[in-house]
Amino acid sequence: ESRIVDLSTDEEGETEHSSESKNGQSSSSNSSSSLEEEFSSIVNIPDAAFIQAARRKRELARTQDDFISLDVKHTSAITGMKKNSDEDTESEPDDHEKRIPFTLQPQTLRQRMADETTPRNEETSEESQEDENQDIWEQQQMRKAVKITEGRDLDLSYSTESQTVKKFDTSISFPPVNLEIIKKQLNTRLTLLQDTHRSHLREYEKYIQDIKSSKNTIQNLENSSNQALNFKFYKSMKIYVENLIDCLNEKIISIQEIESSMHALLLKQAMTFMKRRQDELKHESTYLQQLSHKAETSTNGSLAVDEKTPWILEEVESRRSQRRQARALSGNCDHQEGTSSDDELSSADMIDFQKTHDEILQDHKKIFEDVHDDFCNIQNILLKFQQWREKFPDSYYEAFISLCIPKLLNPLIRLHLIDWNPLKFDAVGLKQMPWFTSIEEYVATSMEDSKKEDGSDKILSGVINKTVIPRLTDFVEFIWDPLSTSQTTSLITHCRVILEELSTCGNEVSKGKQDLLNSIVLRMKKAIEDDVFIPLYPKSTVENKTSPHSKFQERQFWSSIKLFRNILLWNGLLPDDTLQELGLGKLLNRYLMIALLTASPGPDVVEKCSQIAACLPEKWFQNSAMRTSVPQLENFIQFLLQSARKLSRSEFRDEVKEVILILVKIKALNQAESFIEEYHLDHLKSVIKEV
């Protein structure tokens, strides 16, 4: 198909868009020419100068007012249309920028000669390429015309629709609406608004408080003129505490070594006494059994005894003789054999012990030789914290120094307690120790200066719980001998002071206190199981008071009475039911009663019963309305009644009154009255009435 194109070009190569649209019409086909004529009648395509002027105006409006003012009625539709057209114009290059050349460039003679000589197939390819370019141009022009036409139609339709009055379609049915639904929706909306308002109020109040606190902080900082001095103090205190902690961390290893050495020395001594007592008891019991067996069989052969037995028995008797001489010199004639503490050491062992003890104390003094007093003297350390509390009480309380002091002073107090033995009767009391008085003074001044409760009253109780009670517990578990009255008395004294101090400080029942009391109970149970032994011999053997069997049995019985008394000395520190279980259930009814039942009634038996009753705590029988005794004493009461019946028919009738007095003391009043009425002992009724 042949196409004839009428082209007009400018010499400078620049043509107007309007001239291109007019002069560049194709007359090759009727369809294309008629389509262009139709578009040209509908669309008036602006020229390049008009487009450039509109663009500059739009850019100027954007830079000045940041928007384009359009004086139209239907802003939304037209604005959307123009936005789309702007986007299209911005996205697509202008016509003059992407012009398609419709005329052939003037060719030289050589080029024309080369074109004429090219094969005919190249001419056909060039014609097809020109046809493709022509098609592309036509399509672009059609797309632009369609877009502009759609925009105009949209504007016209919007204006006609806005002028017409909208009419509701009566055929459409809406859901029924009543007052309750509207009220419910309004209430829901009101609730949401109220919640939002309350949250805003809370935020507002919070912001107001933050502003006030910030203003106060600013005012305080502006009014304080000695910030440099405050900073200097805090810095010096920080350095002091760090150095103190470093010093204690370095010395704690030496303190633990010294502490372990002293504990090992005392433990070795305690184990020596315990093992010696058990070995001597075993050898003496074996020897007497063999002696009884020889007497029963009436053999004349020698006893097959251990080689060590004679030497051990001689050593035991030698120590007993020395104790008898010492008691005679002191005037103590009422002593019973078996109630003395066999804790004498040989001279060589004593020298060894004292030498090791002195070496430990020398090492103990060397630990802080190279340390300034401010870092090892408890009074100086507390003075530093007291200055902090007086100058800056708020920061002192916020740092919880009262909770830190017990842990900080723990190594130093342990060092002071290395030479402290609570089992010695001459041991220094806890309240007489320098560190204890220093802490008491610190707490007292803190309570006077402080207007609020800051925990200073718990410093002393914290020190006792963290330092003193653990050391006391170690003595109870490993070193204390419950058979020793002197050790038990001294230990009870120190425990009573410590527990009273804890109660004074208002400290609740602590784990350390419970551990201490539990260890005391366990140690006494172990003593009952390991150290109580009362042999039973035929009556013919023990009737002779000078026989070795009788003496051995008496010593063991009185040794058990001694343990019975030591256990009941814990009255007031241990619960009553625990003491009754240990003293009455395990010791009296299991061991002492068996020995009493095998003995012949007489003054000796009454004396033993009187000693047992004297050991019982008076607190158990203070109830005036009490007519029956403690249930665990029922066996003992029956034995007293049985002994009284036998004594009333023997030559020891006067001892019956002593038995009645024992019954009255332990509040067995019903049994005593029945016995008096049964045996017509009217002269003893006054004894009961006096109670």
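Me: Buried means under 20% relative accessible area, exposed means over 50%, and partly exposed is in between (1.4 Å probe, protein chains only). Why is Arg 319 called buried?

Reply: Arg 319 has 8% relative accessibility, and that is under 20%, so it counts as buried. Before we go on, this is a predicted model, numbered from 1 along each chain as its sequence is written. Local features need pLDDT of at least 70, side-chain atom pairs need 80 or more, totals for chains, interfaces and linings use all residues, and side-chain values use heavy atoms, without hydrogens or water.

Me: Where does Arg 319 sit?

Reply: Arg 319 is in helix 9, where a helix is a DSSP run of H or I with at least four residues, numbered from the N terminus.

Me: What makes Leu 522 count as exposed?

Reply: Leu 522 has a relative accessible area of 57%. That is over 50%, so the word is exposed. Leu 522 belongs to helix 17, and its C-alpha lies 9.5 Å from that of Val 476, although 46 residues separate them in sequence.

Me: How do you know how many disulfides there are?

Reply: You search the whole structure for them, and the search finds zero. Take Cys 247: the nearest cysteine sulfur belongs to Cys 376 and is 7.3 Å away. A disulfide is a pair of cysteine sulfur atoms within 2.5 Å, so at 7.3 Å Cys 247 is in no disulfide.

Me: What makes a group of residues a nonpolar core?

Reply: You need buried Ala, Val, Leu, Ile, Met, Phe, Trp, Tyr and Cys residues joined through side-chain atoms within 4.5 Å. Here the largest such core has 127 residues, and Trp 435 and Trp 570 have the most contacts inside it. Trp is on the list, so both can belong.

Me: Where do the residues of this core come from?

Reply: Helix 8 gives the largest share, 12 residues. The core also draws at least three residues from each of domain 1 (227-294 + 309-531) and domain 2 (535-690), with bounds from an automatic or database domain assignment.

Me: Which residues line the largest cavity closest to its centre?

Reply: Arg 277, Gly 338, Ser 340, Asp 342 and Ser 559, out of 27 lining residues. A lining residue has an atom within 4 Å of a point. Helix 8, helix 9 (308-330), helix 17 (511-531) and helix 19 (548-568) each give two or more residues to this lining, and the largest share, six, comes from helix 8. Domain 1 and domain 2 each supply at least three.

Terms used
On a 1 Å grid over the protein atoms alone, a cavity is a set of points where a 1.4 Å probe fits but cannot get out, and a pocket is an open set with protein on both sides within 12 Å along at least five of seven lines; lining residues have an atom within 4 Å of a point.
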